[in-house]
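Thanks for coming. Please have a look at it first.

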Amino acid sequence: QKLIATVDLSIRCSSSSEATETGMAVQVACSPKLEREADALERHGDGDAAAKRREDRRLATVASDVGAFKSAHPQTTVADFWRWYRPAACEPNPATDPQVEALWDVVEATPCSELKPLFDPSNEAEAALHALETARPRWVLGQLLA
């Protein structure tokens with residue numbers, strides 16, 4: 001069974017006169033890496049400890065993004081980061097997450113070249129080859145003819 005994510009492409013902006021929302025929801029197939037991460041999160045369960053592990057993973061990603069943003073834009077504020085990180089908030093002064101504000105104060109600016117890569121080419125190539133080795137011929141043929 002293939003993991004499918006539903007992505008909401010709606011954009012909501014408001015002006016002084018009225019608010020409008022346009023967009024649509026699109027389903028996309030997730031990469032093998034995202035499937036593995038989703039399986040790992042599912043194995044954590046539903047308890048408080050699992051919620052803590054999920055939040056720790058989220059904050060680690062946000063901390064990495066904060067470091068890269070601060071490196072690329074040294075004169076910016078946490079509000080600038082939040083508008084970049086959450087572009088759907090079209091408001092001029094969006095409310096930031098208190099945890100992100102705390103991260104902003106402690107995370108040092110880190111150039112992207114020093115960050116842990118998000119994409120591991122050898123791992124993804126290995127996963128792709130494994131998927132092809134274990135795929136049903138009918139599925140492979142369908143992908144080739146699609």
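The largest nonpolar core has twelve residues in all: L59, V62, A63, V66, F69, V78, F81, W82, V100, L103, W104 and V107. A nonpolar core here is a set of buried Ala, Val, Leu, Ile, Met, Phe, Trp, Tyr and Cys residues joined through side-chain atoms within 4.5 Å. Buried means under 20% relative accessible area, exposed over 50%, and partly exposed in between, with a 1.4 Å probe and protein chains only. Helix 2 gives the most, with five residues. In general, nonpolar side chains in soluble globular proteins tend to be buried together.

A word on the source. This is a predicted model, in which local features need pLDDT of at least 70 and side-chain atom pairs count only at pLDDT 80 or more, while totals for chains, interfaces and linings use all residues. Residues are numbered from 1 along each chain as its sequence is written, and side-chain values use heavy atoms, with hydrogens and water left out.

Now the overall layout. The protein has six helices and four strands, in the order β-β-β-β-α-α-α-α-α-α along the sequence. Helices (H or I, at least four residues) and strands (E, at least two) are DSSP runs, numbered from the N terminus. Of the 146 residues, 16% count as buried. Among contacts with a separation of 6 or more, 46% are between residues 24 or more positions apart, contact meaning heavy atoms within 4.5 Å.

Next, the helix pairs. How do helix 2 and helix 4 pack? Their axes are 10 Å apart, at an angle of about 50 degrees. That makes helix 2 oblique to helix 4; angles under 35 degrees count as roughly parallel, over 145 as roughly antiparallel, 65 to 115 as roughly perpendicular, and the rest as oblique. Axes are lines fitted to C-alpha atoms, for helices over the stretch in contact, and angles run from 0 to 180 degrees between N-to-C directions. From helix 2, E55, R58, L59, V62, A63, V66, F69 and K70 meet Q99, V100, L103 and W104 of helix 4. By class, that contact has eight nonpolar, one polar and three charged residues. Ala, Val, Leu, Ile, Met, Phe, Trp, Tyr, Cys and Pro count as nonpolar, Asp, Glu, Lys and Arg as charged, and the others, Gly among them, as polar. Leaving aside neighbours within four places in sequence, A63 is in contact with L103 and V107.

Helix 2 (residues 48-72) also meets helix 3 (residues 78-85), where the axes come within 11 Å and cross at roughly 115 degrees. V62, D65, V66 and F69 of helix 2 meet D80, F81, W84 and Y85 of helix 3. This contact has six nonpolar, no polar and two charged residues.

The axes of helix 3 and helix 4 come within 10 Å and cross at roughly 125 degrees, and these two helices are therefore oblique to each other. V78, F81 and W82 of helix 3 make the contact with V100, E101 and W104 of helix 4. Here the classes are five nonpolar, no polar and one charged.

Is D80 buried or partly exposed? D80 counts as partly exposed, because its relative accessibility is 27%. D80 and T96 are 16 residues apart in sequence and 10.0 Å apart in space, C-alpha to C-alpha.
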